[in-house]
Amino acid sequence: MEANQQYLLDKHRKTDNKIETLREYAEQNAVPIVDRLSLEMIKQLIRIHRAKNILEIGTAIGYSSMQFASVSNDIHITTIERDEEMITQAKSNFETYGYSSQIRLIEGNALEQYNEVNDKQYDIIFIDAAKAQSKKFFEYYTPLLRNGGLVITDNVLYHGFVSNIDIVRSRNVKQMVQKVQKFNDWLISLENYSTNFINMDDGLAISIKGE
Ligand code: SAM
């Protein structure tokens, strides 16, 4: 790991909360969760933006949604997950860590849940599900994003492959990386969004609506 990154991780470790214990579980069980510095960046955006309603695509075990909710008691998260095992674990974690009242879990394919989540406008949409589908999630859910709201997309550099696709051998991975490349090109070209890409962890894109 790069020295600067290690240094910053060590700093943040001093602010670990209880939810952070799930990171070890996630690593041991190969559950992909948002990287630590990216998480801290998103939490800071939530604070700066005074976000109260957040829509997350891709819950997994509920780690990121609980971390977002931990920023303030008046934050409400709607999070969508399709995998049965993840749903069971997320529900149990929300109970264990005391976040059931702040987090609403929608079960099913995120490409079909619009009518389950369109009861409010969102300040932030966090896209963290199937990486080849990020554009679809973006198009499907951003009508629910308020003007001035943020779309945060994780893994836009995907293991360094997005900037260096020639090193990818697997055909499937190559296709997926090409989709991420196309998504990034499309995102930066959107006229009603202002996007910046952050070279942190696996790459974050932050897009502001109507800027
Ligand atoms: N946001 C979580 C965190 O940082 O703690 C990690 C989410 S993990 C990277 C991605 C999750 O998205 C997986 O649990 C996967 O089952 C789910 N997923 C992928 N495609 C989906 C879809 N179309 N609808 C719902 N969930 C999906």
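Which helix and which strand each supply at least two residues of the lining of the largest cavity? In this predicted model, they are strand 5 (145–154) and helix 8 (171–189). Helices (H or I, at least four residues) and strands (E, at least two) are DSSP runs numbered from the N terminus. The model is predicted, and local features need pLDDT of at least 70, side-chain atom pairs count only at pLDDT 80 or more, and totals for chains, interfaces and linings use all residues. Residues are numbered from 1 along each chain as its sequence is written, and side-chain values use heavy atoms, with hydrogens and water left out.

Over the whole structure, the search returned one cavity of 30 Å³ or more. On a 1 Å grid over the protein atoms alone, a cavity is a set of points where a 1.4 Å probe fits but cannot get out, and a pocket is an open set with protein on both sides within 12 Å along at least five of seven lines; lining residues have an atom within 4 Å of a point. The largest cavity holds about 40 Å³ of space, a volume being the space filled by probe spheres set on the points, with grid points joined across faces, edges and corners. Its lining consists of Lys131, Ser134, Thr153, Asp154, Asn155, Val156, Val180, Phe183 and Asn184. Helix 8 gives the largest share of this lining, three residues. By class, three of the lining residues of the largest cavity are nonpolar, four polar and two charged. Here Ala, Val, Leu, Ile, Met, Phe, Trp, Tyr, Cys and Pro count as nonpolar, Asp, Glu, Lys and Arg as charged, and the others, Gly among them, as polar.

The second largest pocket contains about 200 Å³ of space. Lining residues of this pocket include Lys131, Ser134 and Phe183. Helix 7 (134–141) and helix 8 each supply at least two residues of the lining, with helix 8 giving the largest share, five residues. The lining of the second largest pocket has two nonpolar, four polar and five charged residues.

The largest pocket has a volume of about 980 Å³ and is lined by 43 residues, of which Val31, Pro32, Ile33, Val34 and Asp128 lie nearest its centre. Of these lining residues, 19 are nonpolar, nine polar and 15 charged. The ligand sits in the largest pocket (more than half of its atoms lie within 2 Å of the grid points).

Around the ligand are 20 residues, with Val34, Gly58, Glu81, Ala110 and Asp128 coming nearest; a residue is near if one of its heavy atoms lies within 4 Å. This shell comprises 10 nonpolar, five polar and five charged residues. A polar side-chain atom of aspartate 128 lies 2.8 Å from a nitrogen atom of the ligand. For alanine 110, a backbone N or O atom lies 2.8 Å from a ligand nitrogen atom, and for serine 64 a polar side-chain atom lies 2.9 Å from a ligand nitrogen atom. Taken alone the ligand exposes 600 Å², of which the protein buries 91% (accessible areas from the Shrake-Rupley method with a 1.4 Å probe).

Conventions
Polar contact = N/O pair within 3.5 Å; in protein donor to acceptor, adjacent residues only side chain to side chain.
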